[in-house]
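Hi,

Here is the structure I said I would pass on.

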Amino acid sequence: MIKTELKRAFCSIPYWVTSAITLVLLAIGSSDYLPLPYATIKLPREWWIYYFHCFFLGMKTLLPVFYPIVVMIPYVLSYRRDRDSGYKQLILLKSSRRSYLGAKLLAVSASAFGAILLPSLAWIPVCRLLGDTDWDHARKYYAHNFLFAPSFYEEHVVLYCVMYAFHAAFLGAVFAVFGLGLSAVIKNRYLALLLPFCYAVFSSAILSTLFHNTFIGCSFEAMNLMPLQSYYYKRTYPLGFWTVPVYEAGLTAVGLALYLGGDYHAGKA
């Protein structure tokens with residue numbers, strides 16, 4: 001069952017379309033830092049700065065804004081399609097409900113994870129071709145933003161970039177599970193796809209305004225979760241590095257509760 005669901009997820013056209021969309025969003029996020037604007041923009045030209053900017057919230061950084069809806073595209077709506085078409089009942093004749101639900105959950109989260117991770121890793125060598133390695137210049141501007149000790153950042157910069165990619169991918173998988181749960185309880189499949197994005201907008205626009213510079217206002221900004229440096233400042237984020245894991249665990253728990261509860265009630269209907 002797991003193999004079948006993973007094959008359906010990763011061999012689908014929506015998965016590869018989503019990967020291409022992610023790559024485009026990364027390219028747009030780096031556009032301010034590409035060589036051409038340097039005639040007017042006085043910023044470091046280090047390749048890792050190009051890369052990190054893809055995950056920073058800014059005017060042209062689209063991935064942190066649109067990932068809650070991008071990760072819904074590959075496979076989140078498959079559960080709803082299976083249930084509405086009767087395919088789910090056919091599968092349950094050959095397999096247990098527990099096996100089916102587990103395989104679907106794994107396929108949804110894995111496809112969202114891969115659709116963010118692979119393009120993010122592929123963008124690292126592109127940035128290396130575009131930039132240089134002037135550490136003194138980079139340290140002048142960004143030494144106070146290092147998530148770990150500057151020595152780690154300097155000696156393992158590629159690993160640092162890979163860490164960003166995995167963090168973004170895991171965050172995408174969490175929102176995919178959240179979307180899967182919504183699709184199990186909401187009849188309109190497209191509304192279930194859009195609601196995680198609406199929640200991200202609400203948390204970043206409304207909560208951050210109502211609870212400005214407080215733990216709630218800062219910690220629940222879904223569009224500001226990708227920049228890992230944000231959680232270096234414990235004055236703003238009292239949980240420090242635990243802010244993101246706690247947030248992800250909570251959102252995953254909500255998604256799982258909706259998913260299992262919606263399937264249970266659908267089975268009784």
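Below is what turned up, going from the whole chain down to single residues.

Two things on bookkeeping before you start. This is a predicted model, so local features need pLDDT of at least 70 and side-chain atom pairs count only at pLDDT 80 or more, while totals for chains, interfaces and linings use all residues. Residues are numbered from 1 along each chain as its sequence is written, and side-chain values use heavy atoms, with hydrogens and water left out.

The fold first. The chain has 13 helices and 0 strands, where helices (H or I, at least four residues) and strands (E, at least two) are DSSP runs numbered from the N terminus. Of its 269 residues, 47% are buried; buried means under 20% relative accessible area, exposed over 50%, and partly exposed in between (1.4 Å probe, protein chains only). As for contacts (heavy atoms within 4.5 Å), 75% of those with a separation of 6 or more are between residues 24 or more positions apart.

Tyr 259 counts as buried because its relative accessible area is 1%. Leaving aside residues up to four places away in sequence, Tyr 259 touches Tyr 79, Leu 101, Lys 104, Leu 105, Leu 180, Gly 181 and Ala 184. A polar atom of the Tyr 259 side chain sits 2.9 Å from the backbone oxygen of Leu 101. The C-alpha atoms of Tyr 259 and Phe 178 are 8.4 Å apart, although 81 residues separate the two along the chain.

Tyr 79 from that list is also one of the buried residues of helix 5 (residues 78-85), together with Ser 78, Arg 80 and Asp 82. Just after helix 5 comes Gly 86, with a positive phi of about 90°.

Next, the rings. The whole structure holds 15 aromatic pairs: rings of Phe, Tyr and Trp (its six-membered ring) with centres within 6.5 Å, called stacked if the planes are under 30 degrees apart, edge-to-face if over 60, and tilted for the rest. Phe 10 and Tyr 15 are edge-to-face, because their planes are at 65°, with the centres 5.0 Å apart. Phe 10 is partly exposed at 27% relative accessibility, whereas Tyr 15 is buried at 1%. Phe 175 and Phe 178 make another edge-to-face pair, 6.4 Å centre to centre and 85° between the planes. These two are 3 residues apart in helix 10 (residues 157-185), so about one helical turn separates them. Both are buried, Phe 175 at 0% and Phe 178 at 9%. There is also a cluster, in which ring pairs link Tyr 51, Phe 52, Phe 55, Tyr 160 and Tyr 164.

Last, the outside. Which residues form a nonpolar patch on the surface? Val 126, Leu 129 and Leu 130 do, with about 270 Å² of accessible area together. Patches take residues with over 30% relative accessible area and no salt bridge, joining like charges within 9 Å and nonpolar side chains (Val, Leu, Ile, Met, Phe, Trp, Tyr) within 5 Å; a salt bridge is a side-chain nitrogen of Lys or Arg within 4 Å of a carboxyl oxygen of Asp or Glu. Leu 129 is in helix 7 (residues 97-130) and is exposed, at 76% relative accessible area.

Cheers

How values were computed:
Areas by Shrake-Rupley, 256 points an atom, 1.4 Å probe, with all protein chains shown as cover. Polar contact = N/O pair within 3.5 Å; in protein donor to acceptor, adjacent residues only side chain to side chain.
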